[in-house]
Amino acid sequence: MFLGILILIFLQAAGGLWLGQSILRVFEERGIILSNEILFVILFAVFVSIIIWSIGVLGAEILQGVTKPTKNTLVSALFVSAIVIALIKIPLFQQYIDPFRNEFVPGLFDIHLITAGSVLGYYLTK
C-alpha cells in the first residue's frame, strides 16, 4: 500500500513536470506566445494539476492499494497550486521565498514549486 502511493507520488511529480513543460513548449512552437508571465504560470498550473490528477486515475487502476481520486482531488490540486503561484508572484511574499530558493535549494524554479504544490494538493484530500 505504502509502496504504491510512493511510486504514484514519483510518477505524478515527474510526469506532471515533463508533460506540463512539453505542452507549453508545443504552444511556443505553434506560435502561441504567452507574453504575460502570470498567464504562463497559471496555464502551467492548470495543465500540471490535470496531468497529476489523470496520472492518479491511471495509477489507481494499475497500482495496488491506491484509491481512485475524485473531482475534489483535482480542485484541491488546483487550489494549492494557486496558493503557490500567489506566494511566488506577489511581491509581499517574494522576500520570504527568494532566500529559500537561492540559498537552500539552488536551481529551484517556479515550475518545480508549482508541481510540488499540485502534488501536495492532490494528497490533501486523500
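I place each charge at NZ of Lys, CZ of Arg, CG of Asp or CD of Glu. On that basis I find 7 positive and 7 negative side chains in the chain, with the centres of the two sets 12 Å apart.

**Ground rules**

I am reading a predicted model, where local features need pLDDT of at least 70, side-chain atom pairs count only at pLDDT 80 or more, and totals for chains, interfaces and linings use all residues. Residues are numbered from 1 along each chain as its sequence is written, and side-chain values use heavy atoms, without hydrogens and water.

**Confidence**

I checked pLDDT (the predictor's confidence in each residue, from 0 to 100). The chain has a mean of 87, and 93% of its residues reach 70 or more. Helix α4 (residues 91-104) is lowest, at a mean of 76. Helix α3 (residues 71-89) is highest, at 92.

**Fold and dimensions**

I took helices (H or I, at least four residues) and strands (E, at least two) as DSSP runs, numbered from the N terminus. I get five helices and zero strands. Along the sequence the pattern reads α-α-α-α-α.

I looked up the radius of gyration, which is taken over C-alpha atoms; the globule rule is 2.2 Å times the number of residues to the power 0.38. For 126 residues a compact globule would come near 14 Å, and the chain has 15 Å, so the two agree. The C-alpha atoms fill a box of roughly 40 × 35 × 25 Å along the principal axes.

**Surface and contacts**

I used Shrake-Rupley areas with a 1.4 Å probe; for residues, only the protein chains shown count as cover. The accessible surface of the chain is about 7,900 Å², and carbon and sulfur atoms hold 71% of this surface. I call a residue buried under 20% relative accessible area, exposed over 50%, and partly exposed in between (1.4 Å probe, protein chains only).

I set contact as heavy atoms within 4.5 Å. Of the contacts with a separation of 6 or more, 74% join residues 24 or more positions apart.

I started with S76, which lies in helix α3. S76 is buried, because its relative accessible area is 12%. Leaving aside neighbours within four places in sequence, I find S76 in contact with G121, L124 and T125.

Next I took L78, also found in helix α3. L78 is partly exposed, at 30% relative accessible area. With neighbours within four places left aside, L78 contacts A45, V46 and S49. I also looked at Y122: L78 and Y122 are 44 residues apart in sequence and 8.5 Å apart in space, C-alpha to C-alpha.

I then went to I88, again in helix α3. At 5% relative accessibility, I88 counts as buried. Not counting residues up to four places away, I88 touches Q94, R101, D110, L113 and I114. G59 is 29 residues from I88 in sequence and 30 Å away in space, C-alpha to C-alpha.

I111 is buried, at 17% relative accessibility. Beyond four places in sequence, I see I111 touching L17, Q21 and F44. I9 is 102 residues from I111 in sequence and 17 Å away in space, C-alpha to C-alpha.

Technical notes: Lys and Arg count as positive and Asp and Glu as negative; His and the chain ends are not counted.
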